[in-house]
Amino acid sequence: MNTNLFGFTQFVKNRLLLKLVLVYSTFMLVPLLLTIYIITGHVNAKMIELEIGKQDELTNKMSAYLEEEYAKIRSIVYWFYNSEAPTTVDMLINSAKNDSAFPPYIIKNRISSELDKVVLWDKEILDIILIDRNKQVFSTSRRSVSVGYDFTNKAPLSGLETSDKTMYKRPYTHPDYILAGNVPVISNSGNLYDLNHLPDDRSVGQFIINLSLDEIMKQYRQLAGTSRAAMYVFDDDGTVLFSSDTQALGLKYPFLNETADLSLASHELKLNGEPYIINKSELSEKGLHMIVQTPKTQITRETNRLIRQILFIFFCGVFIVLLLTLLFSTNIASRIKRLLTAMRSVEKGRFDTRVAFDSRDELGQLASAFNRMCLRLEEHVDMVYLAEIKTKSAELSALQSRINPHFLLNTMESIRMVAVRERKPEIADMLYTLGKLFRWKIRSTDLIVSVEEELEYISSYLYLMQFRYQDQLAVSIHMDETMYELGIPKLLLQPIIENASEHGLFQKAQQARLSIRGYRREQDVIFDIIDNGVGMDAVQLQELTANMEEAAKSLSQGDQIGLSNVQQRIRLLFGKPYGLTIASRKDHWTRVRVTIPAISWKEMDALVQDFYR
């Protein structure tokens with residue numbers, strides 16, 4: 001831990017810009033956090049004040065709405081007794097009589113007609129159901145009501161005494177007597193009496209008036225607007241008749257005891273450990289209470305979310321500033337390191353070293369001065385090494401000229417052996433082909449020829465080899481014709497073919513196969529010479545590659561021929577990464593790949609002439 005802290009301290013101490021950013025960030029962060037804290041407190045208080053105002057408005061408007069609905073229900077019950085004579089109650093009484101002055105269908109049509117007048121003009125009233133003493137059901141509904149339902153012994157009329165003059169209110173989400181179109185309702189039910197025989201406390205029937213909870217919910221949502229308040233309407237027992245939380249219908253209001261002693265106003269109260277803003281109201285309808293409550297966390301949620309967003313943006317900004325500072329300081333350090341590396345390179349004698357900076361700041365000016373110094377040093381050193389370069393050029397020409405004696409001796413031996421063994425006219429063809437080779441050599445003294453000329457030369461050479469080895473050698477040549485006008489150092493491929501024939505191509509019992517393929521790859525020309533000879537293992541291949549690389553570095557080894565000769569010539573003319581690469585598998589194959597730049601023979605010849613100049 002101490003080591004990490006010390007390392008970080010040293011890291012900061014060594015970076016001036018980072019220290020400035022850290023100090024700047026600290027001075028920015030502390031005041032901003034204090035400001036956010038103060039603003040948050042003020043905004044939260046204002047949000048609570050606004051929510052209390054919304055609660056008051058919602059409570060007043062919903063109280064007025066519900067009182068209006070219950071006044072409507074009371075007027076409907078009053079209308080049962082005071083409708084046009086004979087009244088609805090009178091018709092209900094007659095329906096239970098055996099000696100009624102009205103036929104049953106008249107009674108039914110009259111009651112249904114009167115009930116329809118109510119349901120049709122009031123969308124909040126879903127159902128009105130009347131039951132006489134004989135349990136006969138009369139109903140008008142926006143839904144389908146079961147007339148066979150035993151209303152007197154089942155909810156909502158079960159247990160209702162005939163002398164009970166109370167109107168009961170109960171919530172139902174799915175009343176059993178509704179066959180289709182279930183909608184949650186507040187069911188208001190009670191007894192009906194004969195006003196002409198008031199001393200008789202026995203009811204002449206019952207009524208059920210269902211108030212649509214969906215319509216009440218629509219009204220609540222319209223009035224609540226953006227308020228996050230939850231509303232509960234419950235009776236004296238705490239049974240919830242209506243709530244914005246539909247899951248609470250028919251259950252006990254959970255905080256009945258905690259809110260029982262509250263006055264009719266707004267309060268801040270903790271319920272289950274969470275602070276709430278509560279507004280309590282009593283409805284004029286007997287036994288109904290209203291609570292509107294909002295958790296304080298919901299009131300301040302948007303503010304807190306905004307604060308978190310501000311803090312997130314701020315810390316992201318600090319992080320980006322720190323990151324940019326690190327990148328900037330890393331860039332400066334990297335440029336300085338490049339300058340130091342270039343200085344060490346010049347110190348080791350590499351005077352062609354240059355440093356390229358795109359910027360023109362102080363480091364860019366320093367790099368320009370360094371490049372000018374290296375240029376002057378290079379010009380001075382070039383004068384000293386000029387003589388050595390001329391010497392190496394002469395050695396390059398000498399290396400190229402050594403190939404001819406070896407080839408001529410091998411060719412003459414092949415002709416002699418064929419003449420002794422066969423005594424056939426084929427000798428004339430071999431002599432003709434050999435003559436072509438001599439003429440090609442005498443005609444052209446250039447160091448650079450076209451790929452087409454080089455291909456013609458190795459084709460003649462391979463023709464002679466096939467005469468020598470007869471059916472033992474199969475040759476295939478595939479060359480991209482677009483390469484014919486490109487340049488190639490003279491006699492570059494023939495030593496590789498000769499090396500393959502002398503080192504393994506004919507040391508296996510099977511027929512020898514030699515494949516030559518030429519193609520372009522981007523800005524380079526590649527020649528693959530592949531044989532099916534004895535191949536090399538990894539140790540032999542590594543040793544051969546090392547010898548070639550060593551020979552390419554120095555021309556002092558005057559006896560180098562074959563692959564080393566080719567490697568030396570390519571490296572002297574074109575430098576790395578051009579040259580030979582060898583791949584092999586023991587007892588299977590060997591591939592020598594020649595890579596040179598893809599330029600025309602005229603351009604390559606001009607390049608070589610400049611080298612020798």
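Ten charged residues, written as 10 in the table below, join six nonpolar and four polar ones in the lining of the second largest pocket of this predicted model.

| Class of lining residue | Number in the second largest pocket |
|---|---|
| Nonpolar | six residues |
| Polar | four residues |

The space inside comes to about 520 Å³, and 20 residues line the second largest pocket.

Strand β4 gives the most, with three residues.

Now for a pair of helices elsewhere in the text of this tour. Helix α3 covers residues 88-95 and helix α4 covers residues 104-121. The two pack with their axes 10 Å apart, at an angle of about 150°. Angles over 145 degrees count as roughly antiparallel, and therefore α3 and α4 are described as roughly antiparallel to each other. Where α3 passes α4, the crossing is left-handed.

Which residues make the contact? From α3 come Thr88, Met91, Leu92, Asn94 and Ser95, while α4 brings Ile106, Ile107, Arg110, Ile111 and Glu114. Sorted by class, this contact of α3 with α4 holds five nonpolar, three polar and two charged residues.

How values were computed. Residues numbered from 1 in each chain as written. Predicted model: local features only at pLDDT ≥ 70, side-chain atom pairs only at ≥ 80, totals over all residues. Heavy atoms only, no water. 1 Å grid on protein atoms, 1.4 Å probe; cavity = no way out; pocket = protein on both sides within 12 Å on 5 of 7 lines; lining within 4 Å. Points joined across faces, edges and corners; volume = space filled by probe spheres on them. Helix = DSSP H or I, 4+ residues; strand = E, 2+ residues; numbered from the N terminus. Nonpolar A, V, L, I, M, F, W, Y, C, P; charged D, E, K, R; others polar. Axes fitted to C-alpha atoms, helices over the stretch in contact; angles between N-to-C directions. Parallel < 35°, antiparallel > 145°, perpendicular 65-115°, else oblique. Left-handed = near helix turned anticlockwise from the far one by under 90°. Contact = heavy atoms within 4.5 Å.
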